[in-house]
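Subject: Handover of a structure and the findings on it

Dear colleague,

Please find below the structure that I am handing over to you.

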Amino acid sequence: MVVAKMEATARRPRLSAADKIYFGSVYAILTLIFLLILFPLVFVLSASFSSPSAVAAGRVVLWPVEIGLEGYRAVFRNKSIITGYMNTLIYTFFGTALNVAMTLLCAYPLSRKDLRGRNAIMMLFSFTMIFSGGIIPSYMLMKNLHILNTRLALIIPGAISVYNMIITRTFIQNSIPEELLQASQIDGSSDAGYFFRIVLPLSKSVIATITLFYVVGHWNAYFNAFLYLSDRSLLPLQIILREVLISNTIDFSQVVDPEAAQAKQGLADLLKYSLIIVSSVPVLILYPFIQKHFVSGVMIGAIKG
Amino acid sequence: MDSNPQATKSHSDAERKKSIRRRFIMSITSRWQLYLFLLLPLAYLILFAYVPMAGLQIAFKKYSSALGMGIWGSPWVGFSQFTKFFSSYMFKRVLTNTVSVSLYALLAGFPIPILFALSLNSIQRRRYKKTVQMVAYMPYFISTVVLVGMLMQMINPRIGIFGVAYTAMTGKDAPNLIGLPDAFRHLYVWSGIWQSVGWSSIIYLAALSGIDTELHEAAQIDGASRFQRVLHIDFPGIVPTAIILLILNSGQIMNVGFEKAFLMQNTLNLRSSEVISTYVYKVGLASGIQDFSYATAIGLFNSLINFSIIIFVNQIAKRTVGEGLW
């Protein structure tokens, strides 16, 4: 950091004309991309805090118009949204716990060079990344296992993401020195003991990273619920979101007074914005905490592995 | 005793073989805990990944849940499900839609994160850099449902920012973009780029951070401009990463994800938005007569093409640049 600073101050006065043009255009492009990415996010946030009539008239451009919380009130008054939210919390919690446990169980032995048949087992896993049975055979399997239309249908399939397993395996392999294994073997530690006492504590950053990936995956998952669930009381948030945001099927009797006919459409549109915020915020606030981990070597390990 | 060296040799051979076998068994049994760890993941893999692959056989059978003969008991029909698909009028449509959407996504979506990473990497102001990165990663964490929902709100001809701006500029009513078949591709691809540009650039930034700083220092002493250094040091430094990602992405050419395409579909834009994955779903699960065999055949056709492409591209990459996935 200090070096970078010195470099910067040392070079700044001597910027050549070519460099000036270069940096000018780089900043222009980056700022443009930055604004293009940022704008929709700010727009949704602003709209969610505006009034139904402002939203309905298209008066929100950048900042909130007639600030209020009506959209949020409508969101929290809607029973199916609350049920969906609760269900998603359940699926995310149990699903992620199973994911992380299974991934570690799998990644640790495969990181050991003294495991016979390691390459064959790796092949068995990697092959599923480029070829799969597809939706119909998977659906038939779920049906035969009788987990169709149960909570298990969203927790058990996809218990291991091979991609995350490879990230974890590569991390364990590259960042935990082999001398530690030898030392602990001399101390009489078993393979399981080594895993719990040495590997787990040293793998915190990769565990944090895959946990984030799995949490986001469960939180945003829609496909499996769409295929496997029909019971309304089991539906996760994303399915409810689809009904509200895309199919426009929203039960107004739950939301507003029937007589407020005129405000209905405005409120329906406003509710969409507030719902987007309510459903996305948990994941968005999680990631800055873990961001530092996945940049630190985990991602580069993934591509080298 | 030594009169028969042949016998001794074969004797010691057998002995050696025995001890090799014993050592082999030892090397497994002494690691039994590791295999125990793998037991559950392997069982899971076989049940949820390989059993469905065995289920692919119904693509060559006439499966009917009403007949109750199951996957294994149904009669073989050879390739008739495939020929039925190839001769159906939907074949050309879903194939064209799938390939054109994904090729467009690949061509437009591949270079942008590279340019983004190279630009970001070359600037010095840390605060600026961090802010841009922070915002750029964010859309990646938004779900597909929310993304499509946001898109539809933004391009809404009446209340969306697009509709409002269009009316303000032209004085006319804005077109309903989500219902236009010609707009589907652009909406699909550019919303995808919006969502993933930041995230995809992480891997390039990681590769860039691994470039030896001495190269830059030497080039600076030689009077190279920043742009020249980007061109001759940074860019070659990320080429291997770019190739690996290109291989991975090219394996997805026939794979337009179900979720987003399905969410963006409506009766008006179906002509260009029906892709293979959504069609498989409709044939197999959504229609009144659930034709599992036919849908599986279409899905299998799709997977096999994907599989061949990824193998093919990997070979080419290995031959031409010496980098490949395996």
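The notes below begin with conventions and then turn to the findings.

This is a predicted model, in which local features need pLDDT of at least 70 and side-chain atom pairs count only at pLDDT 80 or more, whereas totals for chains, interfaces and linings use all residues. Residues are numbered from 1 along each chain as its sequence is written, while chains are lettered from A and ligands numbered from 1 in the order in which they are written.

Chain A overall

Chain A has 16 helices and 0 strands; helices (H or I, at least four residues) and strands (E, at least two) are DSSP runs, numbered from the N terminus. Of the 305 residues in chain A, 40% are buried. A residue is termed buried if 20 or more other C-beta atoms, placed from the backbone, lie within 10 Å of its own, exposed if 12 or fewer do, and partly exposed in between. Among the contacts in chain A with a separation of 6 or more, 74% are between residues 24 or more positions apart. Two residues are in contact if their C-beta atoms, placed from the backbone, lie within 7 Å.

The pair α6 and α9 of chain A

Helix α6 (residues 118-130) of chain A packs against helix α9 (residues 162-175) of chain A at an angle of about 135°, and their axes are 9 Å apart. Axes are lines fitted to C-alpha atoms, for helices over the stretch in contact, and angles run from 0 to 180 degrees between N-to-C directions. The two helices, α6(A) and α9(A), are therefore oblique to each other; angles under 35 degrees count as roughly parallel, over 145 as roughly antiparallel, 65 to 115 as roughly perpendicular and the rest as oblique. From α6(A), A:Phe125, A:Ser126, A:Thr128 and A:Met129 meet A:Val162, A:Tyr163 and A:Met165 of α9(A). The residues of this contact of α6(A) with α9(A) comprise 5 nonpolar, 2 polar and no charged. Here Ala, Val, Leu, Ile, Met, Phe, Trp, Tyr, Cys and Pro count as nonpolar, Asp, Glu, Lys and Arg as charged, and the others, Gly among them, as polar.

A:Thr128, in helix α6 of chain A, also reaches the other chain. Leaving aside neighbours within four places in sequence, A:Thr128 is in contact with A:Val162, B:Leu45 and B:Ala49. A:Thr128 counts as partly exposed because it has 17 C-beta neighbours inside 10 Å.

Where the chains meet

The contact between the chains takes 74 residues from chain A and 75 residues from chain B. On the side of chain B that touches chain A, helix α2 (residues 32-55) of chain B supplies the largest share, 14 residues. That side of chain B has 51 nonpolar, 20 polar and 4 charged residues.

B:Ile161 lies in helix α9 (residues 161-170) of chain B. Not counting residues up to four places away in sequence, B:Ile161 touches A:Phe43, A:Val61 and B:Met154. With 19 C-beta neighbours inside 10 Å, B:Ile161 is classed as partly exposed.

The nonpolar core

The largest nonpolar core has 136 residues, and those with the most contacts inside it include A:Val55, A:Tyr108 and B:Val148. Such a core is a set of buried Ala, Val, Leu, Ile, Met, Phe, Trp, Tyr and Cys residues joined through C-beta atoms within 7 Å. Helix α10 (residues 181-209) of chain B gives the most to this core, with 11 residues. A:Val55 touches several residues beyond four places away in sequence, among them A:Leu270, A:Tyr273 and B:Ile159.

Helix α8 (residues 144-154) of chain B is largely enclosed by the rest of the structure, because 10 of its 11 residues are buried. B:Val148 is one of the buried residues in α8(B).

A loop of chain A

A:His146 lies in the loop between α7 (135-144) and α8 (152-155) of chain A, and A:Asn149 is placed in the loop between α7 and α8 of chain A. A:His146 has a positive phi of about 60° although it is not a glycine, and A:Asn149 likewise has a positive phi of about 60°. Most residues other than glycine have a negative phi. A:His146 counts as exposed, with 10 C-beta neighbours inside 10 Å, whereas A:Asn149 is partly exposed, with 14 other C-beta atoms within 10 Å.

Yours sincerely
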